[in-house]
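Please keep the view open as you read.

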Amino acid sequence: MSPSAVVWDPALLAYDMGDQHPFNPVRLHLTMRLAAALGVLDDVPLLSPEPAGAKDLYRAHSAEYLEAVQQAPMAGWDVGHGLGTEDNPLFTDMHDAASLVVGSTLLGARCIAEGRAQRAVSIAGGHHHAMQDRAAGFCIYNDCSVAISWLLEQGYDRIAYVDTDVHHGDGVQAAFVGDPRVLTISLHQHPFTLFPGTGYSSEIGAGDGEGRAVNVPLPPHTGDAGWLRAFHAVVPSLLEAFRPQVLVTQCGVDSHREDPLADLSLTVDGHRAIYRELRALAERWAEGRWLAVGGGGYQLMRVVPRSWTHLIATVLDHDVTPDVPLPAEWTDLVRGVAPSAEVPPTMSDGADVGYSPWGDGVDDAVDAAIRDTRRAVFPLHGLDPDDPRD
Ligand SMILES: [Zn+2]
């Protein structure tokens, strides 16, 4: 098997919206330090990205918007395009920092397309809310959309994007909504209860791309078992029918029960189970090609570093068992950054990630969501929405 690529450079920490903003780059720093301290990165070269150029940014964004982002820090607060808001504050060199995030995910895509790696991970990426002409939800440039567009240009014509962030992957869905070559699947907290307010099961794409947008809106407080039940009821069948050549996954971890910005109830163990499943699906249905990116996650000390260390480890086939203790050098680092943080003892939340598969006759709110999604899109893929074997 080809080696897996890990894209990282400390320069990515420059995407910094300020100390009071939830999207704090310390989460990336602590993740890489934890992965290193556990030996996950031993003998793994870290690939250093270049900023994406205008030609690649234009794949997902308008020239007018790029100009606005470049001018924004000098122009002041009223620059439009969603910039200079509480969610998307202006910061020095924001164009350069956001371009480097895109470059990071693009480098992962390039490694896969050129056959240098079968899998790649870019934890700094996953800025799935950025729109063609507008910043949104802490995201300035949409690295996911740029990378998928670039992969299409390389000749791939079946790319699946699976978004496990607690928020709807609205920017990526919008970018490819009429394009039959891209299947976007997003599982998220129900839009009635959370930003960005989209991602209903009735959003299925349009025109030639009808059925190629898939949304699974889950009720607040859905935990590991319900989430995994929904995932297994929807995602594997669609990937089997679609047969992607590349699987791109946005792996936001704001679905965790301790996340301060949302209300799903997953655990670090649930996240680990998701990554292992995504890897298996890439192996089975996407010719082994898997590009994994980060995303949301705002429990900066206790959750993000552990979950994304599991992500990196899974991509590298260096799986970390849940009961592994956190190394003292890392917990000391966290206490130096946040003296009052209660650091968990291991790489686990002690959760059981067992779930019962859909179709066992139970009918709760998660099952209603599953049914709505399956009925909305399964027939468009030649699948029977009411047959649990499909
Ligand atoms: Zn999110």
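This is a predicted model: local features need pLDDT of at least 70, side-chain atom pairs count only at pLDDT 80 or more; totals for chains, interfaces and linings use all residues.

Helix α1 (residues 26-37) and helix α9 (residues 304-315) have axes that come within 8 Å and cross at roughly 55°. Axes are lines fitted to C-alpha atoms, for helices over the stretch in contact, with angles from 0 to 180 degrees between N-to-C directions.

Residues are numbered from 1 along each chain as its sequence is written, and side-chain values use heavy atoms, leaving out hydrogens and water.

In the contact (heavy atoms within 4.5 Å), residues of α1 including Leu 28 and Met 32 meet residues of α9, among them Trp 308 and Ile 312.

Now to the sheet. It is open, with eight strands in parallel pairing and the order β2-β1-β3-β8-β7-β4-β5-β6; strands pair if DSSP finds at least two bridges between them. Helices (H or I, at least four residues) and strands (E, at least two) are DSSP runs, numbered from the N terminus.

| Edge strand | Residues |
|---|---|
| β2 | 46-47 |
| β6 | 213-218 |

Each edge strand pairs on one side only. Helix α7 (residues 224-242) packs on the sheet, touching β4, β5, β6 and β7, and its direction makes about 175° with that of β5. Five bridges join the parallel strands β4 and β7, where Ile 159 has Val 246 as its bridge partner in β7.
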